[in-house]
Amino acid sequence: MPYHHILVAVDLTEECDPVIHRARELSASQDAKLSLVHIVEPMAMAFGGDVPMDLSQLQQQQFDQAKERLERLITKYPELTKDNCHLTYGQPKQEIHGLAKEKGCDLVVVGSHARHGLALLLGSTSNDVLHGAPCDVLAVRLKKAE
Ligand code: AMP
């Protein structure tokens, strides 16, 4: 059965290209719609001593940087537009599942690293996304080990 709507989740690093390529290939071969999402995660709280830090400005900078990177992807890939690219704030798993449900996606595409040592213990976004996913999930193997 062909897929109808593919959601590709990207971390906006240089490693997201192979993940987008795979999602584009699939969407072209299955004549499926393509959407993309990036989630800006809440900043880790790092307080030194008693000095309270206002992270809202840093968080805004992070959001603006993500927006710029996303705009570069929109320029690079003809299938990507402002309408089918989503930038949200929150936890990747929840946001990806929520968007997949909301948009009626039947496949989520994510990247997956070979993990060793501490990285293995910490887990991965691809693993998180797989658990409780509302549809199929394709993990594209990324060459560079962490
Ligand atoms: P990681 O487990 O963090 O190495 O990421 C593996 C894959 O999860 C990435 O290649 C993306 O497909 C997806 N991913 C990670 N972080 C995000 C994010 N903030 N927003 C959307 N997708 C993400």
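This is a predicted model: local features need pLDDT of at least 70, side-chain atom pairs count only at pLDDT 80 or more; totals for chains, interfaces and linings use all residues.
The residues concerned are Gln 59, Ala 66, Leu 70 and Leu 73, which are buried in α2. Viewed down the axis of α2, these buried residues lie within an arc of 50°, and therefore they line one face of the helix. An α-helix has 3.6 residues a turn, so residues three or four places apart point the same way. On the other side of α2, Gln 57, Arg 72 and Thr 75 are exposed.

The length of α2 can be examined in the same manner. The helix comprises 21 residues, 56-76, and at 1.5 Å a residue these should span 30 Å; the end C-alpha atoms are 30 Å apart, which agrees with that expectation.

The unreviewed entry assigns a "coiled-coil region" to residues 56-83. In the model, the chain over residues 56-83 is 75% helix and 0% strand, with its end C-alpha atoms 27 Å apart.

Attention may now turn to the ligand. It is surrounded by 15 residues, of which the closest are Ala 9, Ile 39, Gly 111, Arg 115 and Thr 125. For Ala 9, a backbone N or O atom lies 2.6 Å from an oxygen atom of the ligand. A polar backbone atom of Thr 125 is 2.8 Å from an oxygen atom of the ligand. In the case of Val 10, a polar backbone atom is 3.3 Å from a nitrogen atom of the ligand.

Leu 12, in the loop between β1 (5-9) and α1, is not a glycine, yet has a positive phi of about 65°. Its relative accessibility is 7%, and because buried means under 20%, Leu 12 counts as buried. Asp 31 is found in the loop between α1 and β2. Asp 31 likewise is not a glycine but has a positive phi, of about 55°. With a relative accessibility of 72%, however, Asp 31 counts as exposed, since the exposed class begins over 50%. Thus a positive phi occurs at Leu 12, which is buried, and at Asp 31, which is exposed.

How values were computed:
Residues are numbered from 1 along each chain as its sequence is written. Side-chain values use heavy atoms; hydrogens and water are left out. Helices (H or I, at least four residues) and strands (E, at least two) are DSSP runs, numbered from the N terminus. The expected span of a helix is 1.5 Å times one less than its number of residues. Buried means under 20% relative accessible area, exposed over 50%, partly exposed in between (1.4 Å probe, protein chains only). The arc is that of the directions from the helix axis to the C-beta atoms. UniProt positions are given in the numbering used here, feature names are shortened, and annotations may be inferred rather than shown by experiment. A residue is near a molecule or strand if one of its heavy atoms lies within 4 Å of it. A polar contact is a pair of N or O atoms within 3.5 Å; within protein, one must be able to donate a hydrogen and the other to accept it, and residues adjacent in sequence count only if both atoms are side-chain atoms.
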